[in-house]
Amino acid sequence: MALPINYSVRNISVRWASSLFTALGIAMTVAVFAGVISLQEGFEQLYRERGRPDVAIYLRPGANSEGESAFSRERANILLKERPEIAVDAQGHPLAAAETFLAAYMEQVIGGNTNVPLRGIQPASIALQGDALQLVEGRWLEFGTDEVVVGQPVSERMVDCALGDTLVLNMTPFKVVGVFTHAGAEGGEVWGDAERMLEALDRSYFQRVIARLKPGTDIETVAAELEDDARVPAKVLSEVEYLAAQTTYLSGVLEGLAMILTVIMGVAAVLGSMNTMLASVGARTHEIGVLLAVGYSRFSIFMAFLIESAFIGALGGALGVLIVLPFDGLQTGLMNWNTFTDVSFAFTITPKLIMTSFVIAFVLGIVGGTLPAARAAALKPVEAFRAA
Amino acid sequence: MRTPWRLVPRHLRAHWVRTGLTAAAMMVAVFLLCFLMSIVTVLEKAVSESSANRVVPQSAVSLFVELPLDYHGKIAAVPGVENVAKFQWFGGYYRTPEDFFAQFAVSHEVFFDMYERDMRLVEGPNGPVGASGLSADEVSAQVIQAMSDNRRAAIVGQGLIRDFEWKVGDLIPMQSVFVPKADGSAWEFEVVGVYEPLKANFDDRTMFFRWDYYEETCNNAGDMPATGVGTYSVTIEEGYESGEVAARIDALFANGPQRTWTPTEAVFQATFVAMLGNVPLFVSTIGGAVAFAIFFSVVNTMLMAARQRSSEAGILKALGFRNGVMGRLMLAESILLSLVGGGLGVSLAIATQEPFRQMLGAMLPQYAVLNETAMIALGVSLLIGVIAGIGPAVTLSRLKVTDALRSEG
Amino acid sequence: MSHMINVDNVTKRYERGGEVLTVLDNLCLTVDQGDFVSLMGPSGSGKTTILNCVGGIDTVDAGTITVNGEDVTTMPQRRLPDWRAQNIGFVFQSFNLVPVLTAMENVILPLQLTPLSRKERKAQAIFALEIVGLADRMGHRPSQLSGGQEQRVAIARAIATDPAVILADEPTGDLDRENANAIMELLQRLNTELGKTIVVVTHDHVAAEMTKRILHLDKGVLERTEVMGTAAAGASAGAASGTAAS
Ligand SMILES: Nc1ncnc2c1ncn2[C@@H]1O[C@H](COP(=O)(O)OP(=O)(O)OP(=O)(O)O)[C@@H](O)[C@H]1O
Ligand SMILES: [Mg+2]
């Protein structure tokens, strides 16, 4: 005979304060987990699934990000003009751009400095980004002049970056002539003519070459060919691979952090729920004796208490999700340690994350309840009766 | 105000399972709290212990833009400047890129003078301090001598010696991503000395090597010539104000070719920490959640205890103890429980410092549970004990004797 | 000589869902110094209530109660605990002892409220335990004692501070005949040898007959008083109120 679920639910409501505090302990664990992972999710979404397999990124061998890469003008030109795998447009120009990249200090509107990516572009750069890139205000910059266009979050968060403002880079004033949006991390950048940027910043190296590949190009072959090239040794990756490599540090740290926090807090939560369930069993000792005496099986008693603790876990899961749900969509900024630049993104709570949180809470409840439930099931009716 | 205090430990012992589970839950949570707080305090300490007597001229545009080499002489000529050293981030790795640690090319001629208060040389070419009667001064002198005799000489922190099992005299091959050699071969450094950091702004996993070796290797064998200096480090002559000297340096280069920004070392560290993202806010939010979790677990325990304590409250009051007696006992029980759990947590955090420091590795080489962190964690435990105890304490104090005696124990 | 306990026109009511329940109805009764009385009556007649009021752990709605010359009903709440510690020794039916303390520690508990030194307290507690015949069990926890022994420890605790009055609410309620008799004999001895004024609530006639007088309570009114060991066992309610009025 199984005990009705009602029995377990009634127990929870009788000891509601204890159950609630236990559930809250579990909720805190889940909230911290979901909070950190939603941060990671938001960050990852800037990069993940945005890469295109037919766009290639050329970096210096050994470099994993633009900041570590460098090509002299000479080498960049060889890549731009002579690579057979690069597609050409209707006019026969290669669909490729050599770009400069610099994580530059900028002052935030709310105060304090942060690193914002300055990208020097060539005309093909804009076309290469395709539909992901949209101009929302003003116009595109005119090449050969000291003009920049800025990503929307930069325009909002940084000093001197609104449309019409003048942004001074080292000694040279640049005029902000347009604001763009980009679904990826590029949305948080400042773009200007690469030549003008090099001049203004007194630099002589490009950081990467980006190019659209001819259909059917095998990027592995190209990569192998250029790896030890005598004239331009280069590391070639598809945009997919390249973007995936831009999240490794921060994502790894956030994932590791979430795991450590969940495990440690989970242990505490399990101990708490064990406490509550032991008290619940203790208070019901006499009742358990009666149930055993009238013929309920030990298993049904075990299950009744396990269900009780699973309910507490589920309640904790629900509360935990409720705690983090308001964060969904909240904009925040973090340093991407791969590129050393500030990226802005939103806490992102996916259905999958909600499910995972629930499962964690559920498991915490059940793990905490197993021992007390076993203890209840192992009671001898005689002893149970003797207890007050 | 007589209170039979002995009841407090008796009750905790009588319900030892509950006490044990609560204390254990608190232990892990307070341990976590200590861990999180330590991360923040270590970052803050690096800022607060940085020298106010040193300023760091660097590009006003970006951390990654170099200053021209000829700024060295110009900065040295500024009134109030005592010493100038060049610093360059080498960005190399030993064995694999994952074995990350910091390496700097520095002007070794002045480096030891400028940083004598931040680190101590503990081992030189002739052995560690103390071995065969070597004094600290002798070891320092030997290291400095070896550094000027040997172009490839480098000094490394104790952490690197420990983590990579290096020895003085070892030849260390390193690859650099920033300044690779044209033929792809490795740079080579020879360990001539080991330092121990004396301040939190200095970590024990850094390698310092000679600037001239860096510059010459880049120019002769590098993929690209050495074109500039990452940052300069400047000590201020006594009697001068660091802010004024810094302003003079910045004014000197206001018209280029590279504008400079000359923060004090402390401000530079603070900016660097701030750029890591809002770590303190992030960590305190999580810490808050952890504190709440602890709170819930203690409150729960105290509620359970209070439920069983009403007949006892009745007896004590009937005997002539004042109304508050049970409240004080509950509060004391809650505080004692929290302090025991918190104390265990703090002890665990202190005991596991070393493995955690190693786990964090390059991210936070100075990780340590400082005394002040331990005190704060105990303070938080105490506070949680007080707040968790107040509810049951008030309830039991308010309970009428007749009701208390009627209810079941 | 004045009465040790004087209950004068005491009324106590409970309001339950708009319905007023009168538990004590203009109750009058007296207990003399050195008296040993039992309170009997049907369940719910107000025995526990009047005992608690006399002991100052419950309050009345009207009337006055004086104990040892002091008016309990008008005494400020703040003074009551101290007064109780000095004047009253309580014995209850169950949950009498603090389970986590030994017999000795339970007896010392009320002594902690006196200005006695640690040593004196201990001596006094041992003395009280000797009186109840449990000095050899002083290191035992309540769970290691029988019901009768627990009750004797409770009595030792009640007399440890040498209070003027001992109030016992069904002290034999949970005990068998033999143990019940032992407890009553103990109370008797305290009365005769130490001259304690004792009020015992009981449902047990045998136990009640071991006291000097039996006060019969019904619906919060003193119905009649039985004086034991005299020929005229039984007086009218009117006589009882007459006594109280004197
Ligand atoms: N807190 C309360 N609220 C409402 N009614 C109460 C309360 N306390 C006691 N009563 C009522 O007062 C009446 C007298 O109670 P009391 O405990 O004095 O009876 P008693 O004579 O001691 O009975 P018993 O022999 O069963 O112990 C009872 O009807 C009881 O229900
Ligand atoms: Mg009663």
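**Entry 1: the model.** I am working with a predicted model.

Entry 2: I looked up how helix 2 (residues 16–48) of chain B sits against helix 12 (residues 325–351) of chain B, and found their axes 7 Å apart at an angle of about 45 degrees. Helix 2 of chain B is therefore oblique to helix 12 of chain B. I noted a right-handed crossing for this pair. On the side of helix 2 of chain B, the contact residues include B:Thr19, B:Ala23, B:Met26 and B:Val30.

**Entry 3: helix 12 and helix 14.** Next I followed helix 12 of chain B to helix 14 (residues 371–398) of chain B; their axes come within 7 Å and cross at roughly 155 degrees. An angle over 145 counts as roughly antiparallel, so that is what I wrote down for helix 12 and helix 14 of chain B. Their crossing is right-handed.

**Entry 4: chain B meets chain A.** How many residues of chain B are in contact with chain A? I found 54 of them, touching 51 residues of chain A. The two chains bury about 4400 Å² between them, with 71% of it on carbon and sulfur atoms. B:Leu21, B:Met275 and B:Phe296 supply 15% of the area that chain B buries here, more than any other three residues. I also searched for salt bridges across this interface, and the rule finds zero.

Definitions and conventions. Residues numbered from 1 in each chain as written. Chains lettered and ligands numbered in written order. Predicted model: local features only at pLDDT ≥ 70, side-chain atom pairs only at ≥ 80, totals over all residues. Heavy atoms only, no water. Axes fitted to C-alpha atoms, helices over the stretch in contact; angles between N-to-C directions. Helix = DSSP H or I, 4+ residues; strand = E, 2+ residues; numbered from the N terminus. Parallel < 35°, antiparallel > 145°, perpendicular 65-115°, else oblique. Left-handed = near helix turned anticlockwise from the far one by under 90°. Contact = heavy atoms within 4.5 Å. Buried area = accessible area lost by both parts, 1.4 Å probe. Salt bridge = Lys/Arg side-chain N within 4 Å of Asp/Glu carboxyl O.
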